[in-house]
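Subject: Structure for you to look over

Dear colleague,

My notes on what was found follow below it.

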Amino acid sequence: METLANLESFVRSAESGSFSAAARRLALTPAAVSRNVAMLERNLKVRLFHRSTRKLTLTEAGETFLSAIGGNLESLQNAIASVSADDGQPAGVLKISLPPTFGMSHILPLLPDFLQRYPRIKPEWHFENRAVDLIAEGYDAAIGGGFELAPGMVARTLAPAHIIAVASPAYLARRTPPADPSGLIELDGIVMRSLKSGRIRTWNMRDAQGDQVAALMRETLVVNDPAALRESAQLGLGVAMLAVADVLAGLESGELVRVLPRWWADAGAISLYYASRDLLPSKTRVFIDFVIEAFKREDYARRFAGSLG
C-alpha cells in the first residue's frame, strides 16, 4: 500500500508542474519529493511524469491516476489533520497571510490568547501586501480584501473596508477644512502608488444621501505602503486616504482626525479566506472561529464603518 508521502508528492507535483514548487508546499526538499514520486512510479510500474529541465507534465497514465486519487487524498489529509494530536487538540503549522498594517494592529495582538488556548499550533504568519494563492502557495487561511475566489475557496466577511480622509489636528488647525471631497485638491495630498499597477490610487467618496464625489488629491508626497501613509499624516505632512481599520488607533487617541466626517469610500470588505472543505483541519477551524469571535467582541464591524461619521 502506498504511503501518504508518496501520494502527496505526486499530487502536489502534478498541480504545480515542478518538484521544487511541490517541495515548498510540503516543507520537503525537491530531492525528497522526486524520490517519493520515483518510488510511487516504481511500485505502480508505470511512468507518471514526462520530465524535462523546464517542467513536469503528466503522462496519460499520470492524468488517469491523478483523476482517480485527487479527491480521496484531500479527504485523507483532512481526516489526519483533524486528529493531529493524540488527545484531539489542534496541532501543526498554521500558515496565514495578512496585510502588514492591519495584521499587526488587529490580528497579531490576538496571538498570545490564541496560543494559550491552542499551545500545539505553530503560527507561520506572513505579513504581505498582496493577494496570495492560498491553494498553490500552501496557506491555511488569509485575511484581507480583493482576493479572487478560485474554485474551492470561500470568503467570510469580517467587517467593511471603508476609506476615509485623515490628517493631524495640527495640520488642519492652519487650514480651512473642505466642504466636500472636491476641496481636497486644495490641501497637501499624501497618496499611495499601487505596487501592483504602478498607478496612484484614487477614490470616489459618498455620503449618507448617496451623493458621490471624486476625491482628487494633490500629489505632495507619494508612498507605497499604508503604514507610511498613516505615519506621514500623523507627522502633519498632509491629508491621506486610508482604511478606518488602519487609522482607528490614531483617531481614538486624537493623533488623527477625519477631514470629511460625513464622507467615505467603499473598498469592499475585510474577509477571512480559506478552503471550502467539508472537514477543515482543526488548526484552521479553531483559527477561523477565534478571529470571528474576536471581531464580534471588539465590535469591529461597527468601528471600521466610515459611513457612521
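A residue is called buried when its relative accessible area is under 20%, exposed when that area is over 50%, and partly exposed in between, with a 1.4 Å probe and the protein chains only. Please keep in mind that this is a predicted model, in which local features need pLDDT of at least 70 and side-chain atom pairs count only at pLDDT 80 or more, while totals for chains, interfaces and linings use all residues. Residues are numbered from 1 along each chain as its sequence is written, and side-chain values use heavy atoms, with hydrogens and water left out.

Overall picture

The protein has 309 residues, of which 44% count as buried, and its C-alpha trace spans about 80 × 45 × 35 Å along the principal axes. Its secondary structure comes to 12 helices and 13 strands, where helices (H or I, at least four residues) and strands (E, at least two) are DSSP runs numbered from the N terminus. If a contact is taken as heavy atoms within 4.5 Å, then among the contacts with a separation of 6 or more, 74% are made by residues 24 or more positions apart. The accessible surface, computed by the Shrake-Rupley method with a 1.4 Å probe and, for residues, with only the protein chains shown counting as cover, comes to about 16100 Å², and carbon and sulfur atoms hold 52% of that surface.

Residues at either end of the burial scale

D188 is found in strand 7 (residues 188-192), and with a relative accessible area of 18% it is buried. Leaving aside residues up to four places away in sequence, D188 touches Y171, R175, R218, T220, L237, G238 and V239. S13, in helix 1 (residues 4-16), counts as buried because its relative accessibility is 0%; its contacts, again without residues up to four places away in sequence, are S18, F19, A22, V33, V37, F49 and L56.

A150, by contrast, lies in the loop between strand 5 (141-144) and strand 6 (153-167) and is partly exposed at a relative accessible area of 35%. From A150 to H106 the separation is 44 residues in sequence and 26 Å in space, C-alpha to C-alpha.

Backbone angles

Most residues other than glycine have a negative phi, and most peptide bonds are trans. K45 has a positive phi of about 60 degrees although it is not a glycine; this residue is found in the loop between helix 3 (30-44) and strand 1 (49-51), and its relative accessible area of 73% makes it exposed. D299 also has a positive phi of about 60 degrees without being a glycine, and it lies in the loop between helix 11 and helix 12, where it counts as partly exposed at 33% relative accessibility.

Helix 10

In helix 10 (residues 244-253) the buried residues are V244, A245, D246, V247, L248 and G250. Their cover includes helix 5 (100-107), strand 6, helix 9 (226-234), strand 11 (239-243), strand 13 and helix 12 (300-303). After helix 10 comes G254, with a positive phi near 90 degrees.

On a 1 Å grid over the protein atoms alone, a cavity is a set of points where a 1.4 Å probe fits but cannot get out, and a pocket is an open set with protein on both sides within 12 Å along at least five of seven lines; lining residues have an atom within 4 Å of a point. Grid points are joined across faces, edges and corners, and a volume is the space filled by probe spheres set on the points.

The largest pocket holds about 1400 Å³ of space and is lined by 45 residues, of which N129, G145, M192, R201 and P226 lie nearest its centre. Strand 13 (residues 265-275) gives the largest share of that lining, with four residues.

A search of the whole structure finds one cavity of 30 Å³ or more, and the largest cavity holds about 30 Å³. Its lining is made up of I107, L110, L111, F114, W125, F287, F290 and V291.

With best wishes
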